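User: I'd like to learn how to read a structure like this one. Could you walk me through it, starting with how strands pair?

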Amino acid sequence: IGGGDSKLDLAFALPIARTGEFSLDGTLTLDKATLNNPGLGLDFTDIGGIVEITHEGVSARRLDALFLDSPIHSSISQSAWSTRIHNYGVLDTRRIKRQFPFLSWLPVDGTSAWNLAVYVPRRRPGPARPLVVEARSALEGTRVSLPLGLGKAAEGTRSLDAKITLSDGRPRDIELTLDELRLAAERIETGGWAARLQSPVATGNLHLPDSTAQPIRADLERISLQLDATALGSKATMQAGDGDPTPTDIPSIDLTAGEVVLNGHPYGELSARARRLDAGIRLEELTLGSDKGQLRLQGEWLTIPEGQRTSLDVDIDTTDLGQTLKDLALSAATQDGSGTLRAQASWSGPPWAPRRETINGQISFRAEKGRFTDAEPGVGRLFGLLNVGALQRRLRLDFSDLFTEGFVFDLSLIHISE
């Protein structure tokens, strides 16, 4: 559907004899014209420029227009199969998601330069001749809210490529590539999207609902994480990065993973359920288990007037305390033994960046049939349990500073409250 002011200059030759050739040559001068496709949401306004017309199709070296209320520059070219409309402009991702609700789940927020190419079939679009939209951006100026180092701050850059295939005016397939993260999604007739996720961190299948009121379902084959708990409480982890998600960024999710690998060591199956709240997210349950032990978590991560607040309830049981601590790069000062940890803690900041001075709660630790190694002697070290500054060490299950080298424990009970 089009409108606005335009001027058409057209010359053509229509042969009467069979030996003649048809020819068409002309220009269409646009001034504040409009081009709307209500079914696709591809609405262009204030179009200005010259479109050249021949019997092979239409082309334009440069058109100026508004798309999603932002100025863009466009060009038109032809191929044997389609008309290519290339657009370049600075677009607001929030405006994009409002215009195209099927992209509302994308964890991006900001304004960046985009290259947008629309391929329109030269014959009527249909299942065999879909309309294709390709988009590319370095995302400079846009925050990507993903955990585990996959996100980015607004001032950084990450290469994003997207391809959307539309049939009968509706999106059919979406392909996204963000550096090493790849997502391929296919529309489900009953609603939502069936997606395949591949990245160095996680691989598996997703179900993405149309409404944010419904949980994302993630059935992953594998999650692989590199953890450095020795950095807990360091200056580098004391504040959240601009590219990290906020509590209200996290959607409701039901998650399972057949294999979890931590620092290269297998730690069994994972199951988690989280639900959105008005102020953030509640982790209703997370369990991780293998023959080495069991981990259970519950908690909340909320936005409060002062910033962010995290609270966690942690239960850990392990049958090989020394090996578990080594596998997770938590401590090499313990050999053998079994152990349990019960902790309730809260702090200001996100789950991965607690502010030391705001941590409060209690920890109960029980260890049996093992020994501490490589520690300095001195009964006075026991007073370290009362040192608030040592709380970060205790959270890592590191008590090596309290005991002499080779100290054997058959039953150790430690309770810390702050």
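Analyst: Happy to. Two strands pair if DSSP finds at least two bridges between them. Keep in mind throughout that this is a predicted model. Here, strand β6 (residues 82-92) and strand β7 (residues 108-121) pair in the antiparallel sense over 11 bridges.

User: What joins strand β5 to strand β6, and in which sense do they run?

Analyst: Strand β5 (residues 70-78) is joined to β6 by 7 bridges, and the two run antiparallel. Within that pairing, Ile-72 stands opposite Gly-89 of β6. β5 and β6 make a hairpin, with 3 residues between them.

User: What does Ile-174 touch?

Analyst: Leaving aside residues up to four places away in sequence, Ile-174 touches Phe-102, Leu-103, Lys-163, Ile-164, Leu-183, Ala-184, Ala-185 and Trp-193. Two of those names return in an aromatic cluster, which is formed by Phe-100, Phe-102 and Trp-193.

User: How many aromatic pairs does the structure hold, and why is the pair of Phe-44 and Phe-67 called stacked?

Analyst: There are 3 aromatic pairs. To judge one, look at the angle between the ring planes: under 30 degrees counts as stacked. The ring centres of Phe-44 and Phe-67 are 5.0 Å apart and their planes lie at 20°, so this pair is stacked. The pair links distant parts of the chain, with Phe-44 in strand β3 (residues 44-54) and Phe-67 in strand β4 (residues 57-67), 23 residues apart.

User: Are Phe-44 and Phe-67 buried or exposed?

Analyst: Both Phe-44 and Phe-67 are buried.

User: Lastly, which elements have the lowest and the highest mean pLDDT?

Analyst: Start with the whole chain: its pLDDT averages 80, and 78% of the residues score at least 70. Among the elements, strand β25 (residues 408-409) has the lowest mean, 46, while strand β16 (residues 253-257) has the highest, 96. The pLDDT is below 50 over residues 402-412, a stretch with 44 contacts in the model beyond near neighbours in sequence. Residues 233-241 also have a pLDDT below 50, with 15 such contacts beyond near neighbours in sequence.

Terms used:
Residues are numbered from 1 along each chain as its sequence is written. This is a predicted model: local features need pLDDT of at least 70, side-chain atom pairs count only at pLDDT 80 or more; totals for chains, interfaces and linings use all residues. Side-chain values use heavy atoms; hydrogens and water are left out. Contact means heavy atoms within 4.5 Å. Rings of Phe, Tyr and Trp (its six-membered ring) pair if their centres lie within 6.5 Å; planes under 30 degrees apart count as stacked, over 60 as edge-to-face and the rest as tilted. Helices (H or I, at least four residues) and strands (E, at least two) are DSSP runs, numbered from the N terminus. Buried means under 20% relative accessible area, exposed over 50%, partly exposed in between (1.4 Å probe, protein chains only). pLDDT is the predictor's confidence in each residue, from 0 to 100.
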